[in-house]
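Thanks, everyone. Please have the model open while I talk.

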Amino acid sequence: MADTVISARGLLKLYGQQRAVDAIDLDVERGEIFGLLGPNGAGKTTTILMMLGLTEVSGGTVEVLGFNPVREPLEVKRRVGYLPDAVGFYDHLTARENLTYTARLLGIPRGESGRRIMEALDSVKLADVADKRVATFSRGMRQRLGIAEIVMKRAEVAILDEPTSGLDPHATFELLEMIRGLKRNGVAVLLSSHLLDRVQSVCDRVALFNNGRVALLGTVVQLANQVLGAGHPILIEAKGSDIAGTLRGIDGVQSVTAEGEGAWRVVAARDVRAEAAERIVAAGGSLTRLADLQPSLEEVYTRYFQEARHAA
Amino acid sequence: MPPSVAQRAPRRLGSPFTGLSAVFMKEFSDHLSSARMMVLMLFVIVFGALPVGLSLQELRNITESDPFLFLRIFTSAPQRIPFSFTASLTLVIPLLAIGLGFDSVNSEFNRRTLSRVLSQPIYRDALLLGKFLGGLATLAVALIALWLIVLGAGLLLLGLPPRSVEVARGIGFLVVAIAYGGVWLAIAMLFSVIFRSTATSALCALGVWLFFVILWPLIVPVLTLAMTPTDVAMGLGRLDETLAMIQLQSTLERLSPNTLFGEAVIGLLNPETRTLGPMIPSLMRGAILGAPLPLDQSLLLIWPQVTGLIAAMIVVFAAAYVIFQREEVRA
Ligand SMILES: Nc1ncnc2c1ncn2[C@@H]1O[C@H](COP(=O)(O)OP(=O)(O)OP(=O)(O)O)[C@@H](O)[C@H]1O
Ligand SMILES: [Mg+2]
């Protein structure tokens with residue numbers, strides 16, 4: 001119990017007749033990075049806003065660090081850092097002045113706030129532009145300033161809504177590194193995103209949203225097993241005659257599908273890499289590539305929504 | 001049955017004023033350092049200084065002794081432009097207030113700072129009130145500066161210091177002017193809460209201002225006539241019926257903050273004033289020409305106007321507050 005920082009039970013949000021968030025259950029543990037995934041309009045932002053008490057809850061309960069955000073929003077907001085999607089700062093103020101305002105709102109004593117702000121700016125590599133006006137900042141710098149705000153706040157939970165949207169690959173990489181830094185400092189992170197491979201690389205667990213419901217929840221491997229079926233996928237590129245037949249002959253192989261010229265995707269109940277290499281060479285073929293395929297979130301996502309659409 | 005509808009609004013914990021002073025300080029310093037404030041200040045000084053300068057030239061030539069010579073700086077309309085300082089302020093204060101308030105909430109939406117600020121430990125109450133008080137303090141600074149300029153100019157050009165009762169009346173005038181500005185600031189903020197576009201909210205606030213400046217004085221007599229029986233309207237009614245009609249007209253006029261401000265100013269700065277609103281010959285006899293009222297009597301006279309201004313300010317602010325509470329924070 002003590003380790004659950006966010007817990008939602010039957011959390012519901014109605015906009016008129018529309019169920020933007022439809023009775024979801026969700027738990028986020030201390031020290032993990034939890035990802036909310038889902039197509040546009042799935043209800044991710046609405047869920048986040050309800051956790052912060054920034055929009056009314058239509059039903060169900062949500063608790064953040066043991067506080068009810070509807071009744072005790074100040075207690076929740078004192079301990080939770082929030083980076084909204086498309087975060088904005090006061091353009092006419094400098095980075096330092098923007099954070100100073102936040103520090104005032106948080107009631108951090110003046111003597112302490114200067115130091116905390118510099119430490120925070122330092123941790124997101126913005127220390128050298130601390131006194132530049134935010135108007136001159138790039139998108140990536142603004143996102144990092146948002147992270148700095150959370151660091152300065154010494155939040156126990158960080159809620160990041162699409163933190164990487166609109167960032168170039170390098171900026172994305174840097175930002176994810178900072179998110180990992182938050183986790184190293186013991187902060188539980190809840191983030192929503194569309195960038196599946198990025199999410200996969202940082203998240204411990206994910207929840208897949210669809211139409212206001214949590215469709216799938218768990219680690220990436222668990223989701224892959226649920227959606228793609230259990231099994232080890234491997235990729236083989238080889239030259240020779242009847243490679244596919246050779247592969248199918250291996251004990252435990254469940255499926256072999258061609259993936260373009262001279263490449264096959266094999267799913268087996270166990271790790272069959274050694275045996276596959278042996279057989280191909282024995283059959284006179286030449287093996288050019290043999291790769292263990294991690295289940296990819298992208299695949300899970302695509303497959304899930306294909307099936308969901310078929311079912312509908 | 002949806003479980004939500006039956007749910008009672010739960011009580012919030014924590015003070016609604018947490019963070020109020022932080023918001024206030026930020027708004028105040030933002031306003032004071034902004035280019036917009038410089039422009040507004042220039043505007044106010046030009047509009048204020050012109051009638052004061054002209055009437056000072058005329059007042060210097062008055063030889064007969066006037067115990068309230070200093071107050072005449074505020075109220076006398078110079079011959080060259082028939083526009084007194086206070087009449088000028090009746091127009092300029094709303095513009096100043098609208099200039100300070102028309103984008104106070106919607107600009108936070110548009111800059112996308114609102115959700116970030118509201119995710120700090122602060123209620124919307126404190127945010128809105130802090131913004132209002134910050135604007136009001138800025139307004140007060142501008143008016144006090146103007147007031148001191150007028151006082152200084154009077155000292156220099158008239159060459160005599162104001163009597164303490166004149167200073168007291170002048171300070172009363174300042175307070176009334178700030179309350180009047182507060183009404184318009186609240187109106188401007190109301191529109192800034194309603195409309196996401198700053199241009200729309202500025203237009204609406206200016207529209208209300210124009211309405212009260214130009215249309216309302218024209219509409220009131222029409223309304224009054226429409227609401228009284230024809231014979232009374234044609235001047236054939238009994239005295240009490242005619243009085244009732246005049247009373248109705250002045251009540252309607254007082255729905256405009258401009259009227260309330262104007263009456264309060266007359267009561268304060270013309271110490272001879274014994275009654276406000278409609279001047280009925282029988283009541284007026286000896287009223288204007290009589291001895292000046294002591295300060296406390298004048299204050300008593302304008303008290304309803306001042307409370308009316310303050311009540312209007314609170315009502316409009318409350319409306320803005322209620323709408324703001326229901327608004328979605330996401331842009
Ligand atoms: N103020 C509102 N009034 C009515 N419906 C709304 C409102 N805000 C959001 N919705 C609806 O709620 C649903 C969920 O929206 P939400 O913003 O939570 O989705 P999201 O998962 O964050 O999407 P995105 O990836 O685009 O950010 C959408 O269908 C949206 O149309
Ligand atoms: Mg969203």
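Start with the open sheet of three strands in chain A, in the order E2-E1-E4, where the pairing is antiparallel. Strands here are DSSP runs of E with at least two residues, helices are runs of H or I with at least four, and both are numbered from the N terminus. Two strands pair if DSSP finds at least two bridges between them. At the edges of this sheet are E2 and strand E4 (59-64) of chain A, each pairing on one side only. From one strand to the next, the twist averages 15°.

Before going on, this is a predicted model: local features need pLDDT of at least 70, side-chain atom pairs count only at pLDDT 80 or more, and totals for chains, interfaces and linings use all residues. Residues are numbered from 1 along each chain as its sequence is written, chains are lettered from A and ligands numbered from 1 in the order in which they are written, and side-chain values use heavy atoms, with hydrogens and water left out.

Back to the sheet. Strand E1 (residues 4-15) of chain A is joined to E4(A) by five bridges, and the two run antiparallel. Opposite A:Ile6 stands A:Val64 in E4(A). Which helix lies across E1, E2 and E4 of chain A? That is H1(A), which runs at about 120° to E1(A). Contact means heavy atoms within 4.5 Å; axes are lines fitted to C-alpha atoms, for helices over the stretch in contact, and angles run from 0 to 180 degrees between N-to-C directions.

Next, the open sheet of six strands in chain A. Its order is E5-E6-E7-E3-E8-E9, with mixed pairing. Strand E5 (80-83) and strand E9 (213-218) of chain A are the edge strands, each pairing on one side only. Strand E6 (residues 157-161) of chain A runs parallel to strand E7 (residues 188-193) of chain A, and five bridges join them. A:Asp161 has A:Ser192 in E7(A) as its bridge partner.

Two helices to note here. Helix H8 (residues 220-228) of chain A lies across strand E8 (205-210) and E9 of chain A, at about 115° to E9(A). Helix H11 (residues 297-311) of chain A lies across strand E3 (33-37), E8 and E9 of chain A, and runs at about 25° to E8(A).

Now the ligand. Ligand 1 lies between chains A and B. There are 15 residues around ligand 1, and A:Gly41, A:Lys44, A:Thr45, A:Thr46 and B:Arg330 come nearest; near means a heavy atom within 4 Å. By type, the shell residues are four nonpolar, seven polar and four charged, with Gly counted as polar. Strand E2 (18-29) and helix H1 (44-51) of chain A each supply at least two residues of the shell, and H1(A) gives the most, three residues.

On distances, a backbone N or O atom of A:Lys44 lies 2.8 Å from an oxygen atom of ligand 1. Polar side-chain atoms also lie close to ligand oxygens: 2.4 Å for A:Thr46 and 2.6 Å for B:Arg330. The protein covers 69% of the 630 Å² of accessible area that ligand 1 has on its own, by the Shrake-Rupley method with a 1.4 Å probe.

Terms used:
Polar contact = N/O pair within 3.5 Å; in protein donor to acceptor, adjacent residues only side chain to side chain.
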